[in-house]
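Dear colleague,

Please find below the structure that I am handing over to you. My notes on what was found in it follow directly after it.

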Amino acid sequence: MRQISAATARRIALAAQGFAERQRSAEPNRAAVLRVLDRIQLLQIDSVSAVVRAHYSPIFSRIGGYDRDLVDDAAWTHSARRPRALVEYWAHEAALIPVEDWPLMRWRMRKFADGRWGGASRVLDRNPRLAKDILDAIAEIGAASTADVERHLEVERPERKGSWWNRSDAKIICEQLFAAGELSVGKRVGFTRHYDLADRVLPPQVRAREVSEADAVRELVRRSAVALGIGTEPDLRDYYRLHRSQTEPAIADLVEEGFLEPVEVAGWAHKAYLHVDARVPRRITGAALLCPFDPLVFCRPRTERIFDFHYRIEIYTPEPKRVHGYYVFPFLLDGVLVGRVDLRAERGSGRLLVPGAFAEPGHETPRVATELAASLRQLADWLELDDIVVGERGNLAELVAPLANR
């Protein structure tokens, strides 16, 4: 079995994710956005808006400032001249995926026919007609939010109490129908899903395509390998949240096919699989801020193994116990994760807040501070924020603060 150094594996992983040949044009267009998707395969969606919604950030990290409407148009706008390119479904987590990949998730839709959690079945036990009533309502009124559906059905919307997860019955069933593939997301207004019949969201040829579970999983593992370049079985499994019982046969098929090559990576405890067409650049250059849900870092064990970078999101950690901050972006420089910054976009005052800036051991250098300050400026410009305000937390803060608004 061929042996690969850890440094080579890291460069392979970075190249696969689009960090080896970044070309930041003055006005990135729809084609540039979709080329990023060709590499990373999906954009994770998350509700946190502390800086910018998670599905926008990975594209910025790879091609620089771009018009976020390009993503919105690709995902939630459809016309005969410009068909929908992306669609929402449960991939890694909630994610935007290429429309053509929707049939690869049919096995998961069948698995979720009764919902992703027990709440849906309990709701339907209480109100067996609710799913049909919702489908009929959306068929009549078109893409609709849960509130729209409740108004149409003249259902009293319950007073919202407790946590965000305290959902109404209509919301639970809309989500169940989405998970089962009967509804899709026709558009978003703000961040609110407007559900529509999957038949109206997806092109007929996509909706009609049937793929067996084995074939679909094999194709998803293939796509994981394209996005990762090199990875262990758990890495390949995690990208689309598959199960080991699914991925092991798929990997064996792809090895036999010659698409994957088993290799040993120095320092990795488990056997790795190399995508045979993966690029092996001699070096990686450039800087990028990575949101917590960027595909390069969203698998935390892989991030630690490849970059020697221990990373945990601390949103749900009580503030006094946070180590680095509420919403922390790793900082990539020349192929190494050299630091991290806690970030907040204060749109009302036009400020990018940086409560903390931290260098990894051995990277507390003026160059890291200079490159980080430049990256913060690019992020602020993209978000149309005028000022950068650097706090006092972290061993980079004092170096970055005087550079941030030059």
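Leaving aside neighbours within four places in sequence, alanine 357 is in contact with Arg340, Val341, Leu372, Arg393, Gly394, Asn395, Leu396 and Ala397, where contact means heavy atoms within 4.5 Å. Alanine 357 lies in strand S13, residues 351–359. Helices (H or I, at least four residues) and strands (E, at least two) are DSSP runs, numbered from the N terminus. With a relative accessibility of 0%, alanine 357 counts as buried; buried means under 20% relative accessible area, exposed over 50%, and partly exposed in between, with a 1.4 Å probe and protein chains only. Alanine 357 and phenylalanine 329 are 28 residues apart along the chain, and their C-alpha atoms are separated by 9.7 Å.

Please note that this is a predicted model, in which local features need pLDDT of at least 70 and side-chain atom pairs count only at pLDDT 80 or more, while totals for chains, interfaces and linings use all residues. Residues are numbered from 1 along each chain as its sequence is written, and side-chain values use heavy atoms, with hydrogens and water left out.

The chain as a whole

The protein chain comes to 17 helices and 14 strands. For 406 residues, a compact globule would have a radius of gyration near 22 Å, and the protein chain agrees with its 22 Å; this radius is taken over C-alpha atoms, and the globule rule is 2.2 Å times the number of residues to the power 0.38. Along the principal axes, the C-alpha atoms fill a box of roughly 65 × 55 × 45 Å. Of the 406 residues, 54% count as buried. Among contacts with a separation of 6 or more, 65% come from residues 24 or more positions apart.

Helices H7 and H9

How do two of the helices meet? The axes of H7 (residues 130–141) and H9 (residues 169–179) come within 10 Å and cross at roughly 80 degrees. That makes H7 roughly perpendicular to H9, a description used for angles of 65 to 115 degrees (under 35 is roughly parallel, over 145 roughly antiparallel, and the rest oblique). The axes are lines fitted to C-alpha atoms, for helices over the stretch in contact, and angles run from 0 to 180 degrees between N-to-C directions. On the H7 side, Leu130, Ala131, Ile134 and Leu135 meet Asp169, Ala170, Ile173, Cys174 and Leu177 of H9.

Nine of the 11 residues of H9 are buried, so this helix is largely enclosed by the rest of the structure. Among the buried residues of H9 are Ile172, Glu175 and Phe178. Glycine 181, which follows H9, has a positive phi near 85 degrees.

Helix H7 also holds isoleucine 138, which is buried at a relative accessible area of 0%. Not counting residues up to four places away in sequence, isoleucine 138 touches Val149, Leu183, Tyr195, Asp196, Leu197 and Arg200.

Two loop residues

Which residues other than glycine have a positive phi? One of them is aspartate 308, with phi near 50 degrees, and another is glutamate 384, with phi near 60 degrees. Aspartate 308 sits in the loop between helix H15 (300–307) and strand S11 (328–333) and is exposed, with a relative accessible area of 66%. Glutamate 384 is in the loop between helix H16 (366–382) and strand S14 (387–393) and is exposed at 70% relative accessible area.

With kind regards
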